[in-house]
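I hope they are handy while you look through it.

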Amino acid sequence: MRSTNPVLSRWKSPGGRGFEPEREPVAVRAGVNLRKESGTHPHDRPYDPRAAGGAMTMDDVVVRTGITLGVAVLGAVLSWILLPVDRAGIGGTYAIAGAAALTAFAAAVIQTFLSRPSPALILTYAALEGVFLGVLSNTVSTHLSPGVVVQAVLGTMSVFAAVLIAYRLRLIRVTRRFYGFATAAALGFLLLMAANLLFSTLTDGPGLGFRSGVPGLLFGILGVALAAAFLALHFKQVEDGIAYGAPRAESWTAAFGLALTLVWLYVETLNLLTLVTEEDVF
């Protein structure tokens, strides 16, 4: 049996086949028989290749996700306190935020193409994203909308909780079609945002207009919706990983994916809230 989760394709058994979900707990599963060397296995009994490092559990995912997010929050708080805000203009502080974001993006790309998760690289990514979020949030709060950061944090937590509850109640079902649609939509969205950023940098203006006015509101809502969809994908990844008996180290991969998506969700929520004024609401 194959999983619809593409992440599981790299979890291979010694025979070359992916691990299959089993109904028994990991501790009592009958594993595959390995080729035995002299003196290595004195008894001919089933052997689980994951026994040395253990299989991934929900506790592993929660702890590692907490560590990753904790590093990001610490980086954000320290950058908010220690890095000065350019009150005469936003160019300097946005440059710091952009440098941190680009470095974090490079770390994320490297981790994505690694065959195994690297806790050091994931925590480095989290720290850099924390610097980016701290500088960005401080700048937006100072120049654009005081108090919007608290609203963005609450909005991010609310969306996360809503998606988690909906997923647990099976109101959201992650299928191969869902995965394909969400991935294609996210790729198109990111390409449009990259083009908008490029044009705004070259022309020193609003770019293609995807981040301002009515188009900005529409794309902000779309960004939040896509980030929420990816949260559901990560919940499915965790669920499948535990069911398939994925190695414990893969809990770092789950933590990395959740942290990355939560950062995306926060940035989209922050951008959306800065476009909505009291005049628009009332």
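**Notes on the helix packing**

1. The secondary structure of the protein chain amounts to eight helices and zero strands, with helices (H or I, at least four residues) and strands (E, at least two) taken as DSSP runs numbered from the N terminus. This is a predicted model, in which local features need pLDDT of at least 70 and side-chain atom pairs count only at pLDDT 80 or more, while totals for chains, interfaces and linings use all residues. Residues are numbered from 1 along each chain as its sequence is written, and side-chain values use heavy atoms, with hydrogens and water left out.

2. Of the 282 residues in the protein chain, 38% are buried (buried means under 20% relative accessible area, exposed over 50%, partly exposed in between, with a 1.4 Å probe and protein chains only). Among contacts between residues at least 6 apart in sequence, 76% join residues at least 24 apart; contact means heavy atoms within 4.5 Å.

3. Let me turn to the cores. The largest nonpolar core has 24 residues, and Val163, Leu231, Trp264 and Leu265 have the most contacts inside it. Such a core is a set of buried Ala, Val, Leu, Ile, Met, Phe, Trp, Tyr and Cys residues joined through side-chain atoms within 4.5 Å. Helix H4 (148-168), helix H5 (176-203), helix H6 (213-243) and H7 each give two or more residues to this core, and H6 provides the largest share, eleven residues. A second, separate core of 13 residues includes Ala100, Val148, Ala152 and Val263.

4. Leu265 is worth a look: not counting residues up to four places away in sequence, Leu265 touches Thr156, Val159, Phe160, Val224, Ala227 and Leu231. Ala227 lies in helix H6 and is buried, with a relative accessible area of 0%. Leaving aside neighbours within four places in sequence, Ala227 is in contact with Thr261, Trp264 and Leu265.

5. How do H6 and H7 pack, and at what angle? Their axes are 9 Å apart and the angle is about 165°, which makes H6 roughly antiparallel to H7. Axes here are lines fitted to C-alpha atoms, for helices over the stretch in contact, and angles run from 0 to 180 degrees between N-to-C directions. Angles under 35 degrees count as roughly parallel, over 145 as roughly antiparallel, 65 to 115 as roughly perpendicular and the rest as oblique. The residues of the H6 and H7 contact divide into 17 nonpolar, nine polar and one charged; Ala, Val, Leu, Ile, Met, Phe, Trp, Tyr, Cys and Pro count as nonpolar, Asp, Glu, Lys and Arg as charged, and the others, Gly among them, as polar.

6. Helix H1 (residues 58-82) and helix H7 (residues 250-275) have axes that come within 8 Å and cross at roughly 45°, so the two are oblique to each other. Residues making the contact include Asp60 and Arg64 of H1 and Trp252 and Leu258 of H7. By type, the contact has nine nonpolar, three polar and two charged residues.

7. H1 also packs with helix H3 (residues 119-143), at an angle of about 40° and with axes 7 Å apart, so H1 and H3 are oblique as well. Among the residues that meet are Gly75 and Trp80 in H1 and Gly130 and Gly134 in H3. This contact has eleven nonpolar, eight polar and no charged residues.
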